[in-house]
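This briefing concerns the model shown below.

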Amino acid sequence: MHRIARTLLLAFLLVAAIAPGLRAEEPLRELIDALGQAKLSDMDEHIAALAKTGDPKVVPVLEALGEGNLYARKADGQVFLTKESGSTLSLTDPVSGESVGEAPKAALSKVKVNNGVRRAVRSALGSLTLLSPDRDARLKAAQSVLQSPNAEALGAIEDALAAEKDGEVRALLEQARATTLIISDRPVEEKRQAVRLLKENGGREALSILSAALNAADDSLKPDIEAAVASIEQSQALWAAGQNVWYGLSLGSVLLLAAIGLAITFGVMGIINMAHGEMVMLGAYTTFLVQEVIRDSLPGLFDWSLAIALPLAFLVTGTVGLAMERGVIRFLYGRPLETLLATWGISLILQQAVRTIFGPTNREVGNPSWMSGAFELGGLTVTWNRLWIILFALAVFAALLFLLKKTPMGLQMRAVTQNRRMASSMGIRTPWVDALTFALGSGIAGMAGVALSQIDNVSPNLGQGYIIDSFMVVVFGGVGNLWGTLVGAFSLGILNKFLEPYAGAVLGKILVLVLIILFIQKRPRGLFALKGRAVEA
Amino acid sequence: MTIRARVTGAFLAAVLSTTAFNGAFAADDTIKVGILHSLSGTMAISETTLKDAMLMLIEEQNKKGGLLGKKLEAVVVDPASDWPLFAEKARELISVNKVSAVFGCWTSVSRKSVLPVFEELNSILFYPVQYEGEESQRNVFYTGAAPNQQAIPAVDYLMENEEVERWVLAGTDYVYPRTTNKILEAYLISKGVKPEDIMINYTPFGHSDWQTIVSDIKKFGSAGKKTAVVSTINGDANVPFYKELANQGIKAEDIPVVAFSVGEEELAGLDTGPLVGHLAAWNYFQSVDNPANAEFIKTWKAYTKNDKRVTNDPMEAHYIGFNMWLKAVEKAGTTDTDAVLDAMVGISVPNLSGGYSTMMPNHHITKPVLIGEIQADGQFETVWETPGLVVGDEWSDYLPDSKDLISDWRAPMSCGNFNVSTGKCGGKGS
Amino acid sequence: MITSFLVKSLDRTILIAAALLLALAVLVPALNLLTAPDHPLHVPTYLVSLFGKYLTYALLALALDLVWGFCGILSLGHAAFFALGGYAMGMYLMRQIGARGSYGNPLLPDFMVFLNWKELPWFWYGFDMFWFAALMVVVVPGLIAFVFGWFAFRSRVNGVYLSIITQAMTYALLLAFFRNDMGFGGNNGLTDFKDILGFNIQADGTRAALFAASALALALSLVVTSGIVRSKFGKVLVALRDAESRTRFLGYRVEHMKLFAFTVSAMMAGVAGALYVPQVGIINPGEFEPGNSIEVVIWTAVGGRGTLIGPIIGAILVNGGKSIFTAAFPEFWLFALGGLFVLVTLFLPKGVVGTAQQYLARRKAHRAAERQDGESDKEQGATAPEAMAAE
């Protein structure tokens with residue numbers, strides 16, 4: 001008995017002696033380990049408790065939690081930060097920050113997260129990193145407190161605001177302060193100022209916050225909020241028209257890209273090229289292959305993948321086009337309607353070939369970082385990928401125009417299509433010019449495929465979705481006229497986008513088709529009709 | 001003329017010889033299983049996988065010794081996403097190839113197209129895809145989810161866990177989204193959601209320009225109430241939809257999207273990094289952790305010789321349906337349609353989500369409902385699960401004309417649309 | 001006058017083909033119904049409805065050949081007329097279901113019931129009567145073709161422009177019929193038919209009768225089109241196909257003639273669609289798919305454009321091939337089909353029948369030349385497809 005009591009006493013004394021050193025660490029470890037056991041519904045409280053410690057060690061833990069990299073060891077429930085390497089995970093102790101070796105995935109279980117947890121992590125991280133020395137971290141923190149306003153963080157925001165020097169971060173913090181203030185229990189006068197600030201800044205987020213605040217607001221504040229909401233809504237409505245033009249331009253650029261190759265093979269050469277869509281598809285698959293190789297061996301080059309894919313796609317589809325022309329189409333000149341049948345057959349073969357080689361399912365083509373996300377331009381939301389596609393479409397158009405109008409090659413192409421016999425007697429090798437023209441049209445379709453892979457499915461059916469629209473654009477613009485294709489694509493795009501909000505997506509499209517039919521009655525040769533004898537030939 | 005006659009003659013001979021050829025095979029000592037999935041055309045993207053899954057299941061069963069002492073033989077045809085061709089091929093499978101059961105179809109219209117054929121020639125169809133309900137046919141077993149096994153639990157989850165008050169019901173304009181959204185609308189209103197807090201939007205098949213709609217969703221979501229999107233957008237249109245969502249910066253934490261037609265296979269064509277947290281409701285996820293599923297995934301990867309191939313819910317439905325059929329045939333001791341139909345009801349087999357699924361008298365099965373969030377690796381993580389199994393409800397309780405109908409194919413009633421208020425079997429017979 | 005029309009239209013080939021079709025119309029149903037299933041000459045029901053389907057396709061191809069082969073209008077929207085005829089028939093069949101639908105609603109089809117429609121849309125009125133539906137089968141496609149053609153031909157839209165706007169038409173119709181709000185059942189279309197004119201649609205007898213009706217319709221259309229193209233009017237059609245401006249300058253009202261041919265052709269396509277629907281048991285907007293119209297063009301081209309027998313042969317050949325290949329090589333049949341189209345355009349530019357005719361004509365001419373020098377020119381000039389070489 002006596003001995004046991006003495007041992008216990010000794011143990012107690014020992015613990016008491018070490019305790020001050022442990023005190024800072026152990027509760028933190030306990031709090032972190034508790035994450036591993038918590039139910040999804042209690043996670044909020046655990047995260048709040050962690051955040052309350054204010055310990056900088058919490059930041060990587062919460063970040064790992066949000067990204068799904070926090071795992072609990074099945075054996076003892078200890079929680080680690082992890083990094084995936086093959087089938088094992090390399091573990092980092094969250095408290096000491098030291099690496100503690102690797103463990104197979106099966107020995108660990110992931111700490112589950114859902115949207116609610118991610119929201120809590122975002123707001124906790126926001127207030128924790130508001131005072132970080134790193135500007136980008138502060139900027140991110142300011143954004144996250146703005147996105148998930150939490151009345152308790154108001155003090156932290158105001159502290160941060162007092163210390164902040166950077167203009168951009170300050171502006172965000174001001175906004176964050178205003179949004180948080182509205183939902184806090186501050187005096188009405190301060191809230192009124194906040195409403196004014198939000199009204200001046202405008203934007204959809206402000207609208208959302210204000211309308212949410214309206215129900216809970218003090219009666220004396222309500223008129224202010226209502227006025228602010230009305231004013232923001234009004235400016236939004238104005239911007240909406242501009243946004244529609246932008247959407248229309250963007251849709252138009254997609255149509256232009258899809259149609260521009262066809263403007264050569266169909267418009268200039270007169271081949272009803274039903275396999276045009278498949279050329280676009282082959283271009284998209286080339287992009288997929290390029291990205292696949294880059295992912296496997298040169299991950300650093302991913303942002304360049306599209307730049308690498310462009311010339312490759314041009315070559316691949318250009319070669320396929322060349323083979324098609326030499327193998328089939330050259331026997332069919334002067335029989336345009338029969339090119340329809342042969343190219344339809346070729347399109348079936350190409351589709352099935354791709355399906356056999358790559359499988360029938362969608363393939364993943366990623367957006368490089370410079371094509372992801374969006375930015376705000378006044379009240380407009382401009383997505384980067386759409387912007388690049390518009391620029392790219394215009395660049396392709398300009399290059400093609402230059403090629404046709406200013407180079408000897410272009411001169412020969414035009415000569416051959418306008419008067420084959422005359423061109424031939426002038427010493428132009430017409431068969432080769434035909435072949436190269438068709439290859440050019442196909443190659444451009446392939447380049448379009450690279451761009452379209454960024455916004456659409458990469459599947460064997462990709463081309464089918466564009467073929468009809470492409471023909472409509474070329475015919476609407478006027479066969480044989482590149483400018484017609486440009487104007488046709490953009491006007492159809494914008495028309496479609498202005499009809500869509502009123503008529504809905506389906507009816508809008510039907511109306512556009514009916515308008516095309518009626519338009520062709522009025523101008524049977526399209527927008528920019530070719531004149532002269534060539535027309536009747 | 002002579003040539004014409006000769007050509008016709010040759011052609012007739014060809015048709016007849018294939019018939020004879022197939023006839024010769026029927027006499028062989030195998031049990032034939034028909035696989036009716038599109039291998040070309042727009043639906044090939046989804047259906048080809050199911051054909052492969054069926055071939056794998058049949059191969060595995062043959063390794064275990066087949067069925068009733070005979071080997072199973074798969075008969076694959078390509079209905080090419082062409083609905084009338086589905087009917088023609090179904091007829092061919094049943095009357096020319098003499099298959100004992102058919103596993104197939106994806107779209108509702110393909111099922112509707114083959115229904116009369118199965119009824120007329122009295123054969124069995126296993127239909128593996130989630131669908132709009134409002135149907136129960138004697139010759140069909142529905143192994144996919146009915147709306148109450150997918151849509152309603154998903155909405156419940158969002159209401160309870162995400163406190164969603166405002167709803168966008170976005171779908172492709174065809175019968176599954178239309179019906180599901182009708183049901184959901186009625187359900188939401190019954191839960192006290194105001195009609196102005198529900199936005200319904202339909203787009204055509206293969207819609208690829210989502211800019212306007214995504215921005216409308218953003219606008220609808222900025223009314224100060226928590227908003228969610230319930231998406232019944234069909235296969236092909238999903239990739240551009242999600243790409244647009246990601247680019248316009250709609251995060252799952254702000255406006256979550258819950259989808260009923262997006263599974264592992266669809267996500268394989270996407271960079272899911274920006275989509276983490278968007279949801280899907282299914283009865284099975286590849287990420288479900290249990291030995292049966294691990295085994296299934298291993299066999300599948302080995303069969304397709306591709307380590308990156310994923311599994312999905314309709315594949316699991318075929319797995320369940322196929323095993324149920326095996327069990328029913330063994331129980332009946334014959335592949336005779338009527339005997340198997342009788343034996344099917346009540347059959348219970350393990351599913352891949354770690355429990356058992358049972359064939360109910362309405363020819364629908366019991367399933368757990370899982371809600372999963374998209375992860376960066378293209379998989380789903382289960383964040384919620386129904387405590388027990390949910391019985392497929394063929395006639396929705398939330399549609400005024402179907403709430404009185406029930407289906408029971410067991411002996412005395414034998415009716416697919418029994419009206420409990422009039423006590424009569426709706427359209428049965430004549 | 002009618003007799004002279006008949007006599008003129010019945011050249012030997014057409015006569016034989018029509019007789020053959022009539023024989024089929026009697027023989028196939030007889031062999032199907034009257035022989036025992038194990039009899040060597042028994043035709044299984046499966047083949048009856050399969051060939052019934054081919055015959056309606058053949059009729060559609062024949063309709064296209066009238067405008068494309070003889071009038072130079074390449075319609076890439078003919079499947080739209082086929083589908084419209086099919087929908088008219090489908091609506092009749094839907095109304096025949098009556099209270100036997102799932103919900104037992106005597107008036108509304110099932111798809112309207114579960115989408116909460118309260119009353120029948122006005123355009124469904126009258127379709128419970130067969131005569132009305134039968135009328136609509138020809139009136140609706142005919143009217144649309146008439147209005148469309150009236151505008152298009154008057155504005156002198158021709159060549160690829162015309163082809164593309166016919167494609168736009170069928171595409172617009174496709175999108176419209178996909179819309180559930182239109183009241184045509186959306187993507188699911190019309191299905192689950194029970195009976196036609198009181199006969200069970202799934203009975204062998206009904207199928208045999210539908211087959212016979214298809215064969216009869218095809219034979220009749222063959223005679224009629226043959227009459228049209230062999231008349232003086234038909235000669236002018238061919239003239240305007242080969243040189244539209246010249247024909248106009250000669251004083252013919254080219255647009256009226258085109259309009260007539262286009263409308264008649266659309267009506268024939270409508271009849272084909274109406275016969276197609278009860279045999280396959282479903283009509284849905286997929287039939288409006290622009291690809292389907294292109295396929296019709298291909299059947300016609302494979303068989304031989306500008307010959308009346310060609311499109312029939314082509315439709316049966318291509319579709320028969322499709323039926324066989326999709327079962328025999330489900331994964332590779334598209335290669336075979338695609339390859340067929342390429343090879344036919346390259347090596348049989350006049351199609352199967354056109355090439356055969358050419359070969360026969362040449363042999364005949366050769367023989368004639370042996371017998372009697374100098375007469376062969378006339379022989380060749382008389383063969384219709386020869387004129388196509390000028391294109």
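In β19(B), B:Cys425 is the bridge partner of B:Phe418. The model is a predicted one, in which local features need pLDDT of at least 70 and side-chain atom pairs count only at pLDDT 80 or more, whereas totals for chains, interfaces and linings use all residues. Residues are numbered from 1 along each chain as its sequence is written, chains are lettered from A and ligands numbered from 1 in the order in which they are written, and side-chain values use heavy atoms, with hydrogens and water left out.

**Sheet in chain B**

- Strand β18 (residues 415–419) of chain B pairs with β19(B) in the antiparallel sense over two bridges; strands are DSSP runs (E, at least two residues) and helices are runs of H or I of at least four residues, numbered from the N terminus, and two strands pair if DSSP finds at least two bridges between them.
- These strands belong to an open sheet of three strands in chain B, in the order β17-β18-β19, with antiparallel pairing.
- Its edge strands, each pairing on one side only, are β17 (405–408) and β19 (424–425) of chain B.

**Hairpin in chain A**

- Strand β6 (residues 374–377) of chain A pairs with β7(A) in the antiparallel sense over four bridges, and A:Phe375 stands opposite A:Val382 in β7(A).
- The two strands, β6(A) and β7(A), form a hairpin with two residues between them, and A:Gly378 in the turn has a positive phi of about 60 degrees.
- In a regular strand the side chains alternate between the two faces of the sheet.
- In β7 (residues 380–383) of chain A, A:Leu380 and A:Val382 point one way and A:Thr381 and A:Thr383 the other way, and all are buried (under 20% relative accessible area, with exposed over 50% and partly exposed in between; 1.4 Å probe, protein chains only).

**Interface of chain A and chain B**

- Contact (heavy atoms within 4.5 Å) joins 51 residues of chain A to 52 residues of chain B.
- The buried area (accessible area, 1.4 Å probe, that two parts lose on being put together, summed over both) is about 4100 Å², of which carbon and sulfur atoms give 42%.
- Within chain A, the most area is lost to chain B by A:Asn115, A:Arg204 and A:Tyr247, together 15% of what that side buries.
- Ten salt bridges cross this interface (a side-chain nitrogen of Lys or Arg within 4 Å of a carboxyl oxygen of Asp or Glu).
- A salt bridge joins the side chains of B:Asp209 and A:Lys497 (2.6 Å, N to O).
- Among the elements of chain A that each supply at least two residues of the side touching chain B are β7, α11 (222–268) and α20 (482–522).
- That side of chain A has 16 nonpolar, 21 polar and 14 charged residues (Ala, Val, Leu, Ile, Met, Phe, Trp, Tyr, Cys and Pro count as nonpolar, Asp, Glu, Lys and Arg as charged, and the others, Gly among them, as polar).

**Interface of chain C and chain B**

- Here 51 residues of chain C are in contact with 54 residues of chain B.
- Between them, chain C and chain B bury about 4700 Å², with 62% of it on carbon and sulfur atoms.
- Four salt bridges are counted between chain C and chain B, and the side chains of C:Arg207 and B:Glu120 meet in a salt bridge (2.9 Å, N to O).
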